Amino acid sequence: MSSFERVASAAEAREASPQVVTVGGRTLGLFHHEGEFYAVDNRCPHMGFPLTDGSVDDGILTCPWHHARFELSGGDTFDPFADDVRTFPVEVRDGDVYVDPNPEREQAPEAHWRERLEHGLQESLALVIDKATIGLDDAGVDPAVPLTVGATFGTQYRADGWGSGLTTMSAMANLLPALRPADRRRALAVGLGAVADDCAGEPPFFVQDPLSTDRVAADRLTEWFRDTIEVRDADGAERVLRAAIRADRDRSTLVTMFVAAATDHRYLDSGHRLDFVNKAVELLDRIGWDHADSVLPSLVPGLADADRAEERSSWRQPVDVAGLVADASDDLPTLLDAGAAATWTEPDDFVDRLLGDDPHDIMAALTDAIEAGATAEQLASAVADAAARRVAQFGTANEFRDWNTVHHTYTYANAVCGLAERTEAPELYRAVFDGAVSVYLDRFLNTPPIPLPEPDGDRDPDAALDDLLETFEVEADETVGQAGRHTAEYLASGGDPDRLKRALGEVLLREDAGFHPRQNVEAAFARYDAAGDERRGRLHLVATARYLAAHTPTRREGEQTFRIAERLNRGEAIHEA
């Protein structure tokens, strides 16, 4: 219901235009222009500068700070970086000006902020994305909503399909339960911003129609999908995949199609392709599998075009490790038959064997375990532990970029663990083999291996955590080892793992951390949560603390923008600080 309040005499308002008026608890700008009165929210929606300090010409109000322009009567902006400014009804009664400070909104907050988020993604505007994310959170909107907006945009507007942006968004969504409440909206904004950056300036993804048949068995569709990926026929593979989705094939069948095709060749794109598959599946778990027809096809271009590791000399010389994987893969039916009725328990030295210098022994350890009844999930977990050891024992005398080498193996191993929870396809063992070979090839980065911390457990956890956080403020090789040691001391001394994860998440999100640290922290949290005991899980948090310390501090440009969005949301005067 409208409730007009007097704000000024008409004569005074004409003479003193523009002027600031307070009505109904709101600070408005009152303008007289071309014989009419107008009232707008006096805070520029871009960054809060007083619009009464601006200028009006030909019905256009211009903010003097960043020159955002607004149509005075309706508040619509001319400039994509700024939101529309809110306007308020004005009436002149008996020589006085009245304003309604509480008019009905044309849009509910959820609809408004969702629209702004879509606009921010289209224009790749970080401040708009951040403000929209905060607005949706304040409106009590489930995170699945902005994630769905991001997934829809990211899969439609990048011709190369699924990339680092969508992977980042999915990883940030996975981190949400572990974060401080104040950081959850930060994580969503980081993920959505990464999607916008990844799609900026890219041509759109053109959709292929599904095969029209509905009479093809799931096994045949999987065979066709593998065959088309084999010859790098992305269009044909997409049509097959869409046919499977339209036929309502279950989730396990769809995951199996990707696992089979992605493991027909070795360690595609340094492990990224299988990791992307896992992240797409995890995202669908959050936004709903009714979006499978838009999300899953975006994986196909990269899968078809991927670099195949067996084409690299490191996988062929001096030991043909690609051939070892091929031989073990050929033996899988026999190995699985032998272990079908058996139950495997991991030996105490199993991870040590996976870290050995003899690839033949490593493959023998895995094939013997399969023959003894080991599941793909059990072996994937062991390989992930071995990969974490490579990170935890990485020597800082190596080139800095070599952190990426051990990191890629680690996130690949984490992806295999995730997919093992979704399919029992025998091809998943091939992914385990690939991960183990990559761990082997990374051995030179642990030469010599940095000793794992062995804390006494007698430290004050609070002091250990404070010392850990200090390591992220200084760029120095020695802080890398200190970060691992303080993490181990904190956990061994009874520190709360959830508190540690919140602290690591806070550090990650305040930095312009980039793709790899965001992946690494998310993978470490997942592997810690999946570990059967604290000591085994500790390894993963030690590893990611070292990795994060090596990659901090940064410029924190993204955090600066997010804080501006938060301050605007609280009504602070940015221009006065």
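**A charged patch and some backbone exceptions**

Tutor: Happy to! In this predicted model, Asp76, Asp84, Glu106 and Glu115 together make up a negative surface patch. Let's follow one of its members, Glu115, which sits in helix α2, covering residues 109-123. Glu115 counts as partly exposed because its relative accessibility is 43%, and that class lies between the buried limit of under 20% and the exposed limit of over 50%.

Now to the backbone. Most residues other than glycine have a negative phi, and most peptide bonds are trans. With that in mind, look at the loop between α24 (534-550) and α25 (557-570), where Pro553 is placed. The bond leading from Thr552 into Pro553 is cis, with omega near -5°. Arg556 also lies in the loop between α24 and α25, and its phi is positive, near 65°, although Arg556 is a residue other than glycine. Arg556 is partly exposed, since its relative accessible area is 24%.

Each of these features has a counterpart elsewhere in the chain. Thr447 and Pro448 are joined by a cis peptide bond with omega of about -5°, and Pro448 belongs to the loop between α19 (428-441) and α20 (461-471). For a positive phi, turn to Arg232, not a glycine, where the value is about 60°. You will find Arg232 in the loop between α7 (218-230) and α8 (234-246). Its relative accessibility is 35%, so Arg232 counts as partly exposed.

Technical notes: Residues are numbered from 1 along each chain as its sequence is written. This is a predicted model: local features need pLDDT of at least 70, side-chain atom pairs count only at pLDDT 80 or more; totals for chains, interfaces and linings use all residues. Side-chain values use heavy atoms; hydrogens and water are left out. Patches are made of residues with over 30% relative accessible area and no salt bridge: like charges are joined within 9 Å, nonpolar side chains (Val, Leu, Ile, Met, Phe, Trp, Tyr) within 5 Å. Accessible areas come from the Shrake-Rupley method with a 1.4 Å probe; for residues, only the protein chains shown count as cover. A salt bridge is a side-chain nitrogen of Lys or Arg within 4 Å of a carboxyl oxygen of Asp or Glu. Lys and Arg count as positive and Asp and Glu as negative; His and the chain ends are not counted. The place of a charge is taken as NZ of Lys, CZ of Arg, CG of Asp or CD of Glu. Helices (H or I, at least four residues) and strands (E, at least two) are DSSP runs, numbered from the N terminus. Buried means under 20% relative accessible area, exposed over 50%, partly exposed in between (1.4 Å probe, protein chains only).
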